[in-house]
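Biologist: Could you bring up the model, please, and walk me through it while I ask whatever comes to mind?

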Amino acid sequence: MTRSEGLVQNRRVTSREIVKSIIGRNLAPRCGFWLGNPHPDTLPRLHRYFGTETEEELRRKLGDDFRWISPSFIEGTFPNLGRVGLFDLRRAGAKASHGQAGPLADCDRPEDIEAFDWPDPVDLDFGPVVEALDEAGPYYRASGFWSPFYHDLMDLFGMEHYFVKMIAQPDVVRAATDRVCGFYFEANARFYDAAGDRVDGFFFGNDFGTQLDLMISPRLFDAFVLPWMRRFTEQAHGRGYQVILHSCGSIARVIDRLVEAGVDCLHPLQAMAVGMEAEKLGREFGGRVAFLGGIDTQRVLNTGTPAQVREEVRRVMDLLGPHLIVSPSHEALLPDVPPPNIAAMAEVVR
């Protein structure tokens, strides 16, 4: 009898314990499972198929081990700031895309960025998210502010201006980065004080890659992204939390850096992006970092049969397990994923 078999026989191991063991790269009785964060247009279809009425009921029916409860997305966290566009961008049609020039596009000196109306974390209210965490049940609680500073800066400058200024006006980019990241750092500090041990892992996200490669070079990544990445991971570890990083796209060239900076678990493992194949990730990073995701949403979950989905899940589990939480390679499940394929994915894990 293995140790994990003994644990299961002696008492029921909770989802919370299983996922904490997986992300901590310790012995767990099985891989974990997370449905992801279905698109609002997808949920009615899932409820009809599975005979459920609420999202929590759906997750329990599928055996979901993971609950994402972020103050960034809980109603009431930002009583004086609004939920959409924390830095007042793309609000009321003021900006339609990352590429459109933003309010910092014409800033030429670090002091110029002070003219922007920066939010103050003193205005945050953590009562609603703490209440949600208290009601989470025996499941892993991923939380903390989503902290999408890379995308916020794209909005503030405009994507082209942001990337050009990294080379032409690096002091301006650093000053703006400190402003944006400083807000999230202080917001998380206040939230961690309120949440305490209700939280298991800090889950935050920035999409650093495209389907083919990083958006910027590793050298620029080291200069403008990694310093604050390291500060966020150290802050979370200092509170006893694990760190889960979300980044879509091909990030293979900087995974080593992310692991060194303290990331415990990578999400969502975009299966069709260059260099993100399960074989490569397992070979190069297995045992050094845990994995969350990896079940392809571009060709398997959306167009495959349930039998093909089961085969793919088993293949990914063989390559990335045992430190794997099975989940779609894009967490926002779209309506093109048939519910029988979601059932098949969950069944293999259980």
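Biologist: Which residues does M229 touch?

Modeller: Leaving out residues up to four places away in sequence, M229 touches F149, F204, F208, L245, L258 and V263, where contact means heavy atoms within 4.5 Å. This is a predicted model, in which local features need pLDDT of at least 70 and side-chain atom pairs count only at pLDDT 80 or more, while totals for chains, interfaces and linings use all residues. Residues are numbered from 1 along each chain as its sequence is written, and side-chain values use heavy atoms, with hydrogens and water left out.

Biologist: Where does M229 stand in the largest nonpolar core?

Modeller: M229 and L258 touch the most other members of that core, which has 98 residues. A nonpolar core here is a set of buried Ala, Val, Leu, Ile, Met, Phe, Trp, Tyr and Cys residues joined through side-chain atoms within 4.5 Å, with buried meaning under 20% relative accessible area for a 1.4 Å probe and protein chains only. Helix α8, residues 170-195, gives the largest share of this core, 12 residues; helices are DSSP runs of H or I with at least four residues, strands are runs of E with at least two, and both are numbered from the N terminus. A second, separate core has 18 residues, among them F66, Y140, A142 and L292.

Biologist: And the largest pocket, how much volume does it have and which residues lie nearest its centre?

Modeller: Its volume is about 850 Å³, and of its 32 lining residues, N37, E55, R59, W68 and F73 lie nearest the centre. A pocket is an open set of points on a 1 Å grid over the protein atoms alone, where a 1.4 Å probe fits and protein lies on both sides within 12 Å along at least five of seven lines, and lining residues have an atom within 4 Å of a point. Points are joined across faces, edges and corners, and the volume is the space filled by probe spheres set on them.

Biologist: What makes up the lining of that pocket?

Modeller: There are 15 nonpolar, nine polar and eight charged residues, where Asp, Glu, Lys and Arg count as charged, Ala, Val, Leu, Ile, Met, Phe, Trp, Tyr, Cys and Pro as nonpolar, and the others, Gly among them, as polar. Helix α4 (55-62) and strand β2 each supply at least two lining residues, and the largest share, four residues, comes from α4.

Biologist: What is the phi of L269, and is L269 buried or exposed?

Modeller: L269 has a positive phi of about 60 degrees although it is not a glycine, and with a relative accessible area of 3% it is buried. L269 is found in the loop between β6 and α12. Most residues other than glycine have a negative phi.

Biologist: Last one, how far does the confidence go?

Modeller: The average pLDDT, the predictor's confidence in each residue from 0 to 100, is 93, and 93% of the residues score at least 70. Over residues 1-10 the pLDDT is below 50, although this stretch has nine contacts in the model beyond near neighbours in sequence. Where pLDDT is low, the predicted coordinates should not be read in detail.

Technical notes: Buried < 20%, exposed > 50% of the residue type's maximum accessible area, 1.4 Å probe, protein only.
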